[in-house]
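Dear colleague,

Please find below the structure for your records. A short account of the findings comes after it.

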Amino acid sequence: WDARRLAACARDTTAGAFGGPHPHAPDLVVLADVLCYLDDVDAALVLEQTAKLQAKAVALTVERPNVDTEHILAKHKANDWHCILGSTGRYAHNLDWLVRVMADLHFDLKWIAELCDGPDCQYPPLRYERGNAVRGAIVIFQRTQRN
């Protein structure tokens, strides 16, 4: 993944570059294992550039806070955090924040699957890191229909 390449691609496929909707706008953009390397500012920028691709949907994975970061989140009021750097060197993102960012970019939440390890989990963890389950989510957003 290269932020400059994504930005250039988004710039080239926007309506302004062609005087109308690009005929080759993708149906789906997948950001798998991308946001975990980005803080909230960089993640928001990548999501904004992704929205400019005029895709009908965006699917992405995010890491969720693990036991090693829950004590840090306890210092925050309710759900006012955007992301947190975990002991793995990757960022976990707040799903509520992500939904707000995508709504501002005209995408609605369509589906979410929490990935974790335990008897109450419907889906397996995002991955294992040094033998420990990493919590995460697969999230799908669909472009809002405009009138």
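The notes below cover the disulfide, a glycine in a loop, and the cavity.

Please bear in mind that this is a predicted model.

Disulfide. The structure contains one disulfide. Cysteine 116 and cysteine 121 are its partners, with 1.9 Å between their sulfur atoms. The link between cysteine 116 and cysteine 121 is left-handed, at -120° about the S-S bond. The two partners fall into separate accessibility classes: cysteine 116 has a relative accessible area of 18% and is therefore buried, the limit being under 20%, whereas cysteine 121, at 23% relative accessibility, counts as partly exposed.

Glycine 89 and cysteine 36. Glycine 89 sits in the loop that runs between β3 (83-85) and β4 (91-93). With a relative accessibility of 46%, glycine 89 is classed as partly exposed. Glycine 89 and cysteine 36 lie 53 residues apart in sequence, and their C-alpha atoms are 8.8 Å apart in space. Cysteine 36 is buried, its relative accessible area being 3%.

A search of the whole structure found one cavity of 30 Å³ or more. The volume of the largest cavity is about 30 Å³. By type, the lining residues of the largest cavity are three nonpolar, one polar and two charged.

With kind regards

How values were computed. Residues numbered from 1 in each chain as written. Predicted model: local features only at pLDDT ≥ 70, side-chain atom pairs only at ≥ 80, totals over all residues. Heavy atoms only, no water. Disulfide = S-S within 2.5 Å. Buried < 20%, exposed > 50% of the residue type's maximum accessible area, 1.4 Å probe, protein only. Helix = DSSP H or I, 4+ residues; strand = E, 2+ residues; numbered from the N terminus. 1 Å grid on protein atoms, 1.4 Å probe; cavity = no way out; pocket = protein on both sides within 12 Å on 5 of 7 lines; lining within 4 Å. Points joined across faces, edges and corners; volume = space filled by probe spheres on them. Nonpolar A, V, L, I, M, F, W, Y, C, P; charged D, E, K, R; others polar.
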